[in-house]
Amino acid sequence: MKKKFLSLILGAAMTASMMVAPAMAAEAPIDLTGVDVENATVGISIYQFSDNFMTLYRTELVRYLTELGFKEENIQVQDGKNDQAEQTNQINNFITAGVDVMILNLVQSSSAPQVTDMCNEAGIPVVYINRQPDEAESDRWEADGIKATYVGADARQSGTYQGELILETANGGDINGDGKVSYIMVQGDPENVDAQYRTEFSVKALTDAGVEVEELLLQRGDWDQAKGQQIVQDALTQFGEQIEVVFCNNDAMALGALQAIQAAGRVVNEDIYLVGVDALTEALQDTIDGTYTGTVFNDHISQAQTAVEMAVNYLKGEEVAPINMVDYVKVTSENAADVLETLQ
Ligand code: BGC
């Protein structure tokens with residue numbers, strides 16, 4: 001139900017082609033024929049519970065499963081603690097317990113071949129979320145008829161939207177009028193495609209528009225607010241007014257960046273721009289208040305619901321496509337209040 005509401009509200013911010021899929025998916029009530037929801041068991045492992053975005057995501061996974069009638073005691077949710085060995089152990093425990101399906105947010109997406117083989121040998125289907133295994137791996141699932149699939153969002157789209165947010169400002173990001181946009185990039189965990197693509201495509205949106213850019217710094221902040229704050233604090237000390245744009249691969253790091261920016265006496269949207277990704281509540285509020293240039297909604301609700309629906313399709317014995325993508329939504333001061341309302 002929530003997904004339907006969200007699609008309606010966000011419709012205005014989407015292109016015509018983007019509107020079709022979410023609206024249609026939401027209208028069809030999910031068919032549970034052939035699924036023993038009373039007894040079906042689900043093993044979920046999240047790469048790290050302390051991740052702000054994945055906390056929203058896992059809450060929605062459990063909420064939606066229980067809304068569909070799955071029993072809370074049959075849903076196990078584990079904290080991978082950002083340690084692949086620990087998470088692989090949890091997956092082995094799920095196999096021993098004989099869960100019917102798994103939903104996995106891998107610590108390292110490069111472990112997908114090994115994890116997929118373990119689950120496949122045990123006859124347990126897997127829905128990977130958030131951290132996309134490489135193409136060779138998803139091609140293999142399809143070629144070999146392995147019951148594994150990925151649900152996520154195309155990070156190239158979110159990066160492009162971040163670049164557009166800067167292009168759409170009054171001076172296109174060139175605050176000091178020297179003919180180039182000087183930026184710092186605070187990156188997530190560089191092993192993730194989300195971090196790689198957002199880094200690449202945010203800047204590409206500028207260069208594709210013919211804008212000259214200067215990278216003052218690129219540093220990994222591992223998706224973490226405290227690291228984001230430290231990196232930007234140090235960068236402001238080192239580069240001062242030279243910094244016109246702060247790109248952060250997610251909102252957690254951008255919220256840390258905002259603390260550093262304000263502590264240094266700089267003013268977002270006046271003498272510096274700041275963009276993130278996710279649309280965390282605080283980032284939306286800051287965008288409304290004008291203390292954040294903008295963000296990109298990483299639709300954890302549609303992603304969580306799609307992941308559950310793919311798990312249900314496996315339980316029904318149906319075929320599942322290897323890759324299932326949900327659209328991002330660009331968020332400016334114009335639509336931030338609408339997005340915020342749908343999330344509350
Ligand atoms: C989100 C980040 C999150 C990461 C975890 C990304 O898609 O934007 O906030 O930390 O996923 O893998």
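## Domain layout

The C-alpha centres of domain 1 and domain 2 are 32 Å apart in this predicted model. Domain 1 covers 24-153 + 299-326, and domain 2 covers 156-297. These bounds come from an automatic or database domain assignment.

Residues are numbered from 1 along each chain as its sequence is written. Local features need pLDDT of at least 70, side-chain atom pairs count only at pLDDT 80 or more, and totals for chains, interfaces and linings use all residues, while side-chain values use heavy atoms, with hydrogens and water left out.

## The domain interface

On the domain 1 side, 15 residues are in contact with 11 residues of domain 2. Contact means heavy atoms within 4.5 Å. The two domains bury about 980 Å² between them, with 43% of it on carbon and sulfur atoms. Buried area is the accessible area (1.4 Å probe) that two parts lose on being put together, summed over both.

What kind of pairing crosses this interface? Three residue pairs are in polar contact, both at pLDDT 80 or more. A polar contact is a pair of N or O atoms within 3.5 Å; within protein, one must be able to donate a hydrogen and the other to accept it, and residues adjacent in sequence count only if both atoms are side-chain atoms. The count of salt bridges between the domains is zero. Helix 3 (residues 52-67) gives the most to the domain 1 side, with three residues. Helices (H or I, at least four residues) and strands (E, at least two) are DSSP runs, numbered from the N terminus.

## Ligand surroundings

The residues around the ligand include Tyr47, Asp51, Arg131, Asp194, Trp223, Asn250 and Asn298. Each has a heavy atom within 4 Å of the ligand.

Some polar distances stand out in detail. A side-chain N or O atom of Asp51 is 2.5 Å from a ligand oxygen. For Asn250, a polar side-chain atom sits 2.9 Å from an oxygen of the ligand. For Asn298, the corresponding distance is 3.2 Å.

## Salt bridges

The whole structure holds 18 salt bridges. The rule asks for a side-chain nitrogen of Lys or Arg within 4 Å of a carboxyl oxygen of Asp or Glu. One joins Asp117 and Arg140 (2.9 Å, N to O). Asp117 belongs to helix 5 (residues 112-121) and Arg140 to helix 6 (residues 135-144), so the pair ties together parts 23 residues apart in sequence.

## Around Thr41

Thr41 sits in the loop between helix 2 (16-27) and strand 1 (42-46). Leaving out residues up to four places away in sequence, Thr41 touches Asn74, Gly98, Val99, Asp100 and Val101.
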